[in-house]
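Subject: Structure handover

Hello,

Here is the structure we talked about handing over. My notes on what was found in it follow below.

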Amino acid sequence: MKKYHVLMFLILANLFWAGNYMFGKYVVEDMSPLQMTFSRWLIAVFLMFPLAHFIERPNWKLVWREWKILVVMAVLGIIGYNFLLYEALRFTTPMNASLVNSINPALIVLFAFLFLKEKISRTNIIGLAVSLLGVILVLTRGQIQKLLETNYNLGDLLMLAAILVWTVYSIVGRRTKHIPPISATAVSVVFALILLLPFILASGIQLPSQKESLIGIIYMGIFPSVGSFIFWNISVREIGPSKAGVYLNLITVFTAIFSLVMGQSITAVQIIGGILVFTGVYLTSQGRKKNAIAQHETGASHN
């Protein structure tokens, strides 16, 4: 796969996820995090299987044979991360959630180093640092000292748990290179829905009561669920979790842009911060040393 394809996939994945933060904040006022998680993936599953069949034409028997790892992926990435994110948005703002999320790339790099033996070049480290600085500028509007004054509430702590889950998901997902990515994600979603169903039946089926919530659930079921997960998983297979992880900083930039569109103000310092994030992402994507796994795994994709 060409470099610019991976770059575009990662940018789109994080653009859609930023929308998930914004819509999630509104929908969670109308539906429970459990119902939101189930509803978005119920919509997504009807799109993923046709996409997988026509794009990848997989051997479904071989895909289902990997059910153990796909169940783990379902628990971590499909259920765990999303439930914790929506629960966090009950108590904190999308921007604050993205502040906590900004340490995710560093966690992925650390976990990839510890568990996948991935090596990091000096350029990659500089890129990561520049990107994180940009995120901090965006969130603090240039008043970096406020970062130390932030009082993290329950939502921030839940968001921290969410990114820990996502980090493990990204690391584990690297081991599914032999499974077509869309097919792997589709089957993971099926397992997630099966696992969630008893809880949904016990709590009672809840439908959106407002037009905005319905639009939000449809958006989350199509773009963050189908688009982001497929783009992310393909990209992680191609370039590895730590290199792809730095792109998660773009969520913060896109969240700031969405806030501006929705009538909130944005400063020149935040724009500069956004530029720094993109610069850091570019630097981190350059000159990366190939890790041991990539040296002997060829031609496959990821989930």
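I will start with a proline. Leaving out residues up to four places away in sequence, Pro 33 touches Val 28, Phe 83, Tyr 86, Glu 87 and Arg 90. Please keep in mind throughout that this is a predicted model. Pro 33 belongs to helix H2 and is buried, with a relative accessible area of 6%. Its C-alpha is 8.3 Å from that of Leu 85, although Pro 33 and Leu 85 are 52 residues apart in sequence.

One of the residues touched by Pro 33 is Tyr 86, which is found in helix H4. Tyr 86 is buried, with a relative accessible area of 0%. Not counting residues up to four places away in sequence, Tyr 86 is in contact with Asn 20, Gly 24, Val 28, Pro 33, Met 36, Thr 37, Arg 40 and Met 220.

Now the chain as a whole. It has 15 helices and zero strands. Of its 303 residues, 53% are buried. Among contacts with a separation of 6 or more, 93% are between residues 24 or more positions apart.

In soluble globular proteins, nonpolar side chains tend to be buried together. The largest nonpolar core here has 82 residues, and the members that touch the most others are Trp 17, Met 36, Trp 41, Tyr 81, Met 159, Trp 166 and Trp 232. Helix H4, residues 67–89, supplies the largest share of this core, with twelve residues. As for Trp 41, its contacts beyond four places in sequence are Met 48, Ile 78, Asn 82, Val 189, Leu 193, Ser 225 and Phe 229.

A pair of aromatic rings is described by the distance of the centres and the angle of the planes. The count comes to 15 aromatic pairs. In one of them, the ring centres of Trp 17 and Phe 229 are 6.1 Å apart and the planes are at 75°, so this pair is edge-to-face. Trp 17 is in helix H1 (residues 3–27) and Phe 229 in helix H11 (residues 211–239), so the pair links distant parts of the chain, 212 residues apart. Trp 17 and Phe 229 are both buried.

A second pair is made by Tyr 81 and Trp 166: the centres are 5.1 Å apart and the planes are at 55°, so the pair is tilted. Tyr 81 lies in helix H4 and Trp 166 in helix H9 (residues 154–173), and the pair therefore ties together parts that are 85 residues apart in sequence. Tyr 81 counts as buried because its relative accessibility is 5%, and Trp 166 is buried at a relative accessible area of 2%. Ring pairs also join Trp 17, Trp 41, Tyr 81, Trp 166, Tyr 169, Phe 229 and Trp 232 into a cluster.

Some of these names return in the cavity search. Over the whole structure, the search finds one cavity of 30 Å³ or more. The largest cavity has a volume of about 50 Å³. Its lining consists of Trp 17, Tyr 21, Tyr 81, Asn 101, Asn 104, Trp 166, Leu 248 and Ile 251. By type, the lining divides into six nonpolar residues, two polar and no charged.

Asn 101 of that lining is also among the buried residues of helix H5. Helix H5 (residues 94–101) is mostly covered, with seven of its eight residues buried. Those buried are Pro 94, Asn 96, Ala 97, Ser 98, Leu 99, Val 100 and Asn 101.

Last, a point on the backbone. Most residues other than glycine have a negative phi, and most peptide bonds are trans. What is the phi of Arg 57? Phi is near 45° there, a positive value in a residue other than glycine. Arg 57 lies in the loop between helix H2 (33–56) and helix H3 (60–65). Because its relative accessibility is 57%, Arg 57 counts as exposed.

Regards

Conventions:
Residues are numbered from 1 along each chain as its sequence is written. This is a predicted model: local features need pLDDT of at least 70, side-chain atom pairs count only at pLDDT 80 or more; totals for chains, interfaces and linings use all residues. Side-chain values use heavy atoms; hydrogens and water are left out. A nonpolar core is a set of buried Ala, Val, Leu, Ile, Met, Phe, Trp, Tyr and Cys residues joined through side-chain atoms within 4.5 Å. Buried means under 20% relative accessible area, exposed over 50%, partly exposed in between (1.4 Å probe, protein chains only). Helices (H or I, at least four residues) and strands (E, at least two) are DSSP runs, numbered from the N terminus. Contact means heavy atoms within 4.5 Å. Rings of Phe, Tyr and Trp (its six-membered ring) pair if their centres lie within 6.5 Å; planes under 30 degrees apart count as stacked, over 60 as edge-to-face and the rest as tilted. On a 1 Å grid over the protein atoms alone, a cavity is a set of points where a 1.4 Å probe fits but cannot get out, and a pocket is an open set with protein on both sides within 12 Å along at least five of seven lines; lining residues have an atom within 4 Å of a point. Grid points are joined across faces, edges and corners, and a volume is the space filled by probe spheres set on the points. Ala, Val, Leu, Ile, Met, Phe, Trp, Tyr, Cys and Pro count as nonpolar, Asp, Glu, Lys and Arg as charged, and the others, Gly among them, as polar.
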